Each structure stands twice: as C-alpha cells, then as structure tokens.
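Reader: I have a new model open on my screen and would like to go through it with you. Could you walk me through what holds it together?

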Amino acid sequence: MQDCIFCKIVKKEIPAEIVYEDDHVMAFKDIHPAAPVHLLLIPKKHIPTFFDLTDEDVSIIGRVQLAAARVARQLNLEEKGFRLVSNCKEDAGQLIFHIHYHLLGGRALQWPPG
C-alpha cells in the first residue's frame with residue numbers, strides 16, 4: 001500500500017529503530033512509548049486489519065508471535081513477562097491500518113488497559 005507508514009518502514013523509505021527483522025516480520029521501537037519497552041511488531045505483508053486475513057496469512061501471524069517471544073527474550077523480559085496487544089479498527093484504537101502488535105514490558109502493567 002503506497003500511503004502506509006509501516007510499508008514505508010519495511011521498504012526503508014522512513015527511518016525506524018529496528019530491533020528485529022527477518023523475511024516476514026519486522027520489530028521496531030514505538031516513537032511514543034507507553035512503557036520502558038514498547039515495540040511494534042508487523043508482518044512485512046500489508047494486511048489492513050484482522051478482518052482482512054486469509055488462510056494464506058496464518059503462518060505470517062504465527063511468525064509475528066514467534067518474533068515477539070524472540071525479541072522479548074533478547075530484551076530480558078522472559079522472567080517478568082510482557083504484554084502483546086493488537087487493536088482492530090477505530091473503536092479499539094487502531095490508528096495505522098496495517099496489522100501490528102504492541103510489545104510492552106519493562107514495568108508492571110495494569111489491567112484493564114483502558
């Protein structure tokens with residue numbers, strides 16, 4: 001998608017502080033962190049929302065989950081844990097219509113989140 005900021009980050013047209021990247025997934029620091037560790041994990045394939053997922057995308061979403069665990073382990077979050085959350089559509093707070101997950105950690109997180 002031409003106007004998608006995350007697609008531009010994947011193409012390296014917009015700078016980001018990338019902490020993980022493989023053929024299918026990218027993780028980078030959120031520019032407005034809500035916790036000491038606040039990363040965004042995205043599939044490199046442009047998928048606007050969970051409602052746009054197809055059967056062919058199952059492995060991509062699994063790869064995002066595996067990447068989250070790898071990155072969390074690298075950031076020493078394994079002992080205390082982390083939160084992985086994704087918003088779908090406007091009422092949930094999705095601002096960028098490219099599926100993405102927020103990985104939050106580095107402090108005790110409250111529940112419910114909002």
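Author: Let us start with a term: a nonpolar core is a set of buried Ala, Val, Leu, Ile, Met, Phe, Trp, Tyr and Cys residues joined through side-chain atoms within 4.5 Å. Buried means under 20% relative accessible area, exposed over 50% and partly exposed in between, with a 1.4 Å probe and protein chains only. This is a predicted model, in which local features need pLDDT of at least 70 and side-chain atom pairs count only at pLDDT 80 or more, while totals for chains, interfaces and linings use all residues. Residues are numbered from 1 along each chain as its sequence is written, and side-chain values use heavy atoms, with hydrogens and water left out.

Reader: Which residues have the most contacts inside the largest nonpolar core?

Author: In soluble globular proteins, nonpolar side chains tend to be buried together. Here the largest such core has 17 residues. Those with the most contacts inside it are Tyr20, Leu41, Tyr101 and Leu103.

Reader: Which element gives the largest share of this core?

Author: Helices (H or I, at least four residues) and strands (E, at least two) are DSSP runs, numbered from the N terminus. Two or more core residues come from each of β2 (25-29), β3 (37-43), α2 (58-74) and β5 (101-105). The largest share, 6 residues, belongs to α2.

Reader: How many residues does the second, separate core have?

Author: Phe6, Val10, Leu40 and Ile42 are among its members. The size of this second core is 9 residues.

Reader: In what order do the strands of the sheet lie?

Author: Two strands pair if DSSP finds at least two bridges between them. The sheet is open, with 5 strands and antiparallel pairing. Its edge strands, each pairing on one side only, are β1 (18-21) and β4 (82-85). The order is β1-β2-β3-β5-β4.

Reader: What angle does the direction of α2 make with that of β3?

Author: Axes are lines fitted to C-alpha atoms, for helices over the stretch in contact, and angles run from 0 to 180 degrees between N-to-C directions. Neighbouring strands of the sheet are turned by 20° against each other on average, direction ignored. Helix α2 packs on this sheet and touches β1, β2, β3, β4 and β5, where contact means heavy atoms within 4.5 Å. Its direction makes an angle with that of β3 of about 155°.

Reader: Which residue is the bridge partner of Val25 in β3?

Author: Strands β2 and β3 run antiparallel and are joined by 5 bridges. In β3, the partner of Val25 is Pro43.

Reader: Which residue forms a salt bridge with Lys29?

Author: A salt bridge is a side-chain nitrogen of Lys or Arg within 4 Å of a carboxyl oxygen of Asp or Glu, and a search of the whole structure finds 5 of them. The partner of Lys29 sits 3.1 Å away, N to O. Lys29 lies in β2 and its partner in the loop between α1 (5-10) and β1, so the pair ties together parts that are 12 residues apart in sequence. That partner is Glu17.

Reader: Is Asp57 buried or exposed?

Author: Asp57 forms a salt bridge with Lys45, the closest N and O atoms being 2.5 Å apart. Lys45 counts as partly exposed at 39% relative accessibility. Asp57, at 2%, counts as buried.

Reader: How far apart in sequence are Phe50 and Tyr101?

Author: Rings of Phe, Tyr and Trp (its six-membered ring) pair if their centres lie within 6.5 Å; planes under 30 degrees apart count as stacked, over 60 as edge-to-face and the rest as tilted. There are 2 aromatic pairs in the whole structure; one of them, Phe6 with Phe28, is edge-to-face at 5.6 Å centre to centre, with 70° between the planes. Phe50 and Tyr101 also form an edge-to-face pair, 6.1 Å centre to centre and 80° between the planes. Phe50 lies in the loop between β3 and α2 and Tyr101 in strand β5, so this pair ties together parts separated in sequence by 51 residues.

Reader: Which residues are joined by a cis peptide bond?

Author: Most residues other than glycine have a negative phi, and most peptide bonds are trans. Asn76, in the loop between α2 and β4, has a positive phi of about 60° although it is not a glycine. The cis bond has an omega of about 0°, and it joins Trp111 and Pro112.
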